[in-house]
Amino acid sequence: MRYSAIAVALVTMLALAGCQSMAETTDPSETLYQKLGERSGIANIVEDLLYLIVEDDRINEQFRGVDVRQFHTNLTDQLCELSGGPCTYSGRKMRESHSDMNVTDTQFNALAENLILAMEQNNIATGAQNRLIKKLVPLYPQIRNL
Ligand code: HEM
């Protein structure tokens, strides 16, 4: 399946990037949502992600004119909900909001890469990074409009 290849690529990328974080403590009783710092921690990650998007010429054109505040709120709620937190995503369906963008594999991976960087900047353990990225894999065909 095509998007399992994307998952493998993302997981490989994370494994390679992850060595530096191996000394981080892991508390098995913490949920993914807690490991991400709950909603406020996720909001910080998304804020840093937005700065990285603006700097990234692979994707920043697509975001021109976007309502940043709304995007921040919706993506924070989405990641909060996906990670098992008490949030309800109230934005549009992924297929709908990305339908006329022709998002490429390179762009999808660029966004995932920036999300990983933003999580690194917020000292999120590599295992938690992997788990969040894994939750995004099912969104791939919707965002790519496949
Ligand atoms: C894992 C990948 C992605 C996730 C989880 C994601 C998530 C989201 C979410 C939650 C929204 C808000 C939708 C709404 O307000 O109703 C959104 C909007 C948007 N996304 Fe994505 N997205 C992803 C990939 C991408 C990529 C690769 C691009 C382009 C390079 C992109 C471009 C946009 C743009 C421009 C909007 C704003 C649309 C608008 O307000 O009209 N997204 N995305």
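Tutor: A residue is called buried under 20% relative accessible area, exposed over 50% and partly exposed in between (1.4 Å probe, protein chains only). This is a predicted model, in which local features need pLDDT of at least 70 and side-chain atom pairs count only at pLDDT 80 or more, while totals for chains, interfaces and linings use all residues. Residues are numbered from 1 along each chain as its sequence is written, and side-chain values use heavy atoms, with hydrogens and water left out.

Let us look at the ligand and its surroundings. H98 deserves a careful look, since its NE2 atom, at 2.0 Å, is the only protein donor of the ligand's iron atom; donors are N, O and S atoms within 2.8 Å of the metal (3.2 Å for Na, K and Ca), and water is not among the atoms, so sites may look incomplete. A polar side-chain atom of H98 also lies 2.8 Å from a nitrogen atom of the ligand.

Two further residues face oxygen atoms of the ligand. In N74, a side-chain N or O atom is 2.8 Å from a ligand oxygen, whereas in R92 a polar backbone atom is 2.7 Å from a ligand oxygen.

Now we can follow the chain around H98, which is found in the loop between α5 and α6. S97 belongs to helix α5, and because its relative accessible area is 14%, S97 counts as buried. The side chains of S97 and H98 are joined by a polar contact of 3.3 Å (a pair of N or O atoms within 3.5 Å; within protein, one must be able to donate a hydrogen and the other to accept it, and residues adjacent in sequence count only if both atoms are side-chain atoms).

The side chain of D105 makes a polar contact of 2.8 Å with that of R144. The C-alpha atoms of D105 and I143 are 10.0 Å apart, although 38 residues separate them along the chain.

Technical notes. Helix = DSSP H or I, 4+ residues; strand = E, 2+ residues; numbered from the N terminus.
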